[in-house]
Amino acid sequence: MKKIPHLVQYQGSKRNLATQILRFFPNKFGRLIEPFAGSAAMTIACASERKAERFLLNDLNKPLVDLLKLVIEEPEYTAKKYKEIWTEQHVDSIEHYYEIRNKFNLTQDPMCFLYLLARCVKGSVRYNSEGLFNQSPDKRRKGTNPSQMEKNIYDISSLLKGKVDFHSLDYKNIFNMALPGDIIYMDPPYQGVCGEKDSRYFSGIAHAEFVEELKQLIKKKISFVISYDGQCGNKIYGNEISIKAGIKHIELKAGRSSQATLLGKNEITYESLYISHDLINP
Ligand SMILES: C[S@@+](CC[C@H](N)C(=O)[O-])C[C@H]1O[C@@H](n2cnc3c(N)ncnc32)[C@H](O)[C@@H]1O
């Protein structure tokens with residue numbers, strides 16, 4: 001199986017599921033739109049399988065989008081800058097991490113963000129209520145080695161350079177840009193019945209509003225695939241997208257959960273997908 005490149009470990013990434021989810025996409029289509037791009041795993045996988053030639057990447061997290069843009073459009077600069085920041089840490093690695101974290105919170109510099117992503121605990125970003133990045137460093141690791149990072153950057157850039165439009169807007173603005181022939185892949189942060197924002201991201205989305213927006217997409221005959229697990233922390237609430245017409249719900253067998261494997265259990269996890277009808281019955 002072809003190895004799909006990725007930039008850094010990123011909690012919530014669809015990297016391991018991307019190939020399975022892509023089976024629901026046609027072999028060739030115009031443009032893939034990711035309104036909740038995160039680490040852009042689906043876009044990278046889709047480019048790697050040559051299913052689309054144009055892409056739109058959006059995420060409300062601006063430094064993340066700025067970083068994706070640098071990686072894709074300026075790989076040489078990005079790899080060089082990462083090496084510089086990474087190499088500075090040899091004096092006091094932990095102290096260095098906190099310095100970069102402070103700098104990032106003051107400047108929103110995407111290169112600081114890349115180092116933090118590569119170096120923080122389990123690649124899991126965390127924000128406090130003021131939107132400041134507050135995740136700690138992984139004390140056992142120094143973060144992706146610069147030569148490996150350079151390879152990751154160039155592998156991604158070679159697939160996507162010159163093919164992507166970048167935005168950092170609320171997802172509803174991106175829905176308005178979609179045209180028939182595009183496919184929107186959505187992996188929203190789930191807020192559901194939690195009531196609080198999810199500290200993994202500095203924003204959540206309201207379920208009811210999201211459902212209304214989807215109805216508009218169906219009306220406009222825009223194709224889409226949604227990963228929507230109804231999960232809040234470790235609890236599954238099973239809050240479903242209740243639209244009946246124009247959409248189909250599928251439980252994709254996603255394999256054994258890593259948590260269950262650790263506990264010696266044999267639990268299979270499922271990925272909840274909602275797919276517009278035209279992609280199921282072309
Ligand atoms: C579950 S993550 C996406 C992970 C992605 N599929 C991947 O493979 O890495 C959800 C993303 O939505 C972004 N987000 C949160 N609220 C948003 C909004 N209102 N509009 C656009 N993006 C938003 C977050 O910053 C986060 O990166």
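Predicted model: local features only at pLDDT ≥ 70, side-chain atom pairs only at ≥ 80, totals over all residues.
Two packed helices are described by the angle between their axes and the distance between the axes. On the α5 side, the contact involves Tyr97, Ile100, Arg101, Lys103 and Phe104. These residues meet Cys112, Phe113, Tyr115, Leu116 and Arg119 in α6. By residue class, the contact of α5 with α6 comprises seven nonpolar and three charged residues, with no polar ones. An α-helix has 3.6 residues a turn, so residues three or four places apart point the same way.

Helix α6 is mostly covered, since 10 of its 10 residues are buried. The buried residues are Pro110, Met111, Cys112, Phe113, Leu114, Tyr115, Leu116, Leu117, Ala118 and Arg119. Besides α5, the packing partners of these buried residues are α3 (62–73), α4 (75–87) and α7.

The crossing in which α4 passes α7 is right-handed. The residues of the contact of α4 with α7 divide into eight nonpolar, two polar and two charged.

Glutamine 108 lies in the loop between α5 and α6. With 14 other C-beta atoms within 10 Å, glutamine 108 is partly exposed. Most residues other than glycine have a negative phi, and most peptide bonds are trans. Glutamine 108, although not a glycine, has a positive phi of about 60 degrees. Arginine 50 is likewise not a glycine, and its phi is positive, at about 55 degrees. Arginine 50 is placed in the loop between α2 (41–48) and β2 (54–58). Here the count is 10 other C-beta atoms within 10 Å, and arginine 50 is exposed, because a residue counts as exposed if 12 or fewer such atoms surround it.

Aspartate 138 is found in the loop between α6 and α7 (146–160). It has 17 C-beta neighbours inside 10 Å and therefore counts as partly exposed. When neighbours within four places in sequence are left aside, aspartate 138 is in contact with Arg119, Cys120 and Val121. Of these, Arg119 is also one of the buried residues of α6 and belongs to the contact of α5 with α6. Aspartate 138 and glycine 123 are separated by 15 residues in sequence, while their C-alpha atoms are 8.9 Å apart in space.

A further loop, between β1 (31–34) and α2, contains serine 39. Serine 39 has 24 other C-beta atoms within 10 Å and is buried, because 20 or more such atoms make a residue buried. Apart from neighbours within four places in sequence, the contacts of serine 39 are with His6, Leu7, Tyr10 and Ser13. Serine 39 and leucine 67 stand 28 residues apart in sequence, with a C-alpha to C-alpha distance of 9.7 Å.

For the protein chain as a whole, the model contains 11 helices and nine strands. The chain has 282 residues, and 34% of them count as buried. Among contacts between residues at least 6 apart in sequence, 66% join residues at least 24 apart.

Definitions and conventions: Residues numbered from 1 in each chain as written. Contact = placed C-beta atoms within 7 Å. Helix = DSSP H or I, 4+ residues; strand = E, 2+ residues; numbered from the N terminus. Nonpolar A, V, L, I, M, F, W, Y, C, P; charged D, E, K, R; others polar. Left-handed = near helix turned anticlockwise from the far one by under 90°.
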